[in-house]
Amino acid sequence: MREAGRISAHALRLVSASVAPGVSTAQLDRIAEEAIVACGATPAFKGYQGFPATICASINDELVHGLPSENRILVEGDIITIDVGAIYQGYVGDNADTFAVGAIDPLSQKLIDVTRAGLYAGIEQCIDGNRLGDVGAAIGAVARGEGLGIVKEYTGHGIGARMHEDPSIPNWGTRKTGPRLRTGMVLALEPMFSLGGDRVERLGDGWTVVMSDGARCAQIEHTVAITEEGPEILTIDTPT
Ligand code: MG
């Protein structure tokens, strides 16, 4: 799972280096697929429930599951969430980040910064003996503290030999409630915050989920193992 996480992070890093005005989301998809295949892994999303691509590329008010397209060209001031996963020797890694396209407005930057802070607040709670509610409570408190919307229809998830395993991990919750976290569990935490409300809807392409109020949103994700030494982020691109 460390290697699956590393490859997923490697692909995300290569894609992020190419995010710029004038680039199509299909170009970004090809970069991710080539990176994953070159590592001897396979894209986790391609073919998953029929999804046609290696990355989800979701721009501005698009939350998740945006379809890469030659016709979707990044514009200065956009924000884009790239979600990408890899399967390596039967195990899955999953990660996402929201990137600025050139210079972005201060509120969009705040959205990205607070979503990342929410992710790390959740990761800090990934400790043996804690409860699942401690994770969601920590993530949710960060969003509420900054007045951001918390999407309720999508959550993080357990991950292992399958991409989506139990438990689902809400980005809100109550401390000291829910299942115990134990060493050896691996969780994909993925806060999804917005500059507006929490309502979402799916576009006519059958995939892209957007904020109903058109507000910008961000999604940042790491795959995290609970170890005896505490949380270990697996989606880190470091040489092994
Ligand atoms: Mg995920």
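This is a predicted model: local features need pLDDT of at least 70, side-chain atom pairs count only at pLDDT 80 or more; totals for chains, interfaces and linings use all residues.
Cys39 takes part in no disulfide, and the nearest cysteine sulfur, that of Cys56, is 19 Å away. With a relative accessibility of 23%, Cys39 is classed as partly exposed. For Cys217, the closest cysteine sulfur also belongs to Cys56, at 13 Å, which is too far for a bond, because a disulfide requires the two sulfur atoms to lie within 2.5 Å. Cys217 has a relative accessibility of 2% and therefore counts as buried.

The largest pocket holds about 470 Å³ of space. Its lining comprises 21 residues, and those nearest the centre of this pocket are Tyr48, Gln49, His65, Tyr154 and His164. Classified by residue type, the lining of the largest pocket consists of nine nonpolar, eight polar and four charged residues.

Three secondary-structure elements, α1 (2–17), β5 (91–100) and α3 (106–124), each contribute at least two residues to the lining of the second largest pocket. By class, seven residues of that lining are nonpolar, four are polar and five are charged.

Notes. Residues are numbered from 1 along each chain as its sequence is written. Side-chain values use heavy atoms; hydrogens and water are left out. Buried means under 20% relative accessible area, exposed over 50%, partly exposed in between (1.4 Å probe, protein chains only). On a 1 Å grid over the protein atoms alone, a cavity is a set of points where a 1.4 Å probe fits but cannot get out, and a pocket is an open set with protein on both sides within 12 Å along at least five of seven lines; lining residues have an atom within 4 Å of a point. Grid points are joined across faces, edges and corners, and a volume is the space filled by probe spheres set on the points. Ala, Val, Leu, Ile, Met, Phe, Trp, Tyr, Cys and Pro count as nonpolar, Asp, Glu, Lys and Arg as charged, and the others, Gly among them, as polar. Helices (H or I, at least four residues) and strands (E, at least two) are DSSP runs, numbered from the N terminus.
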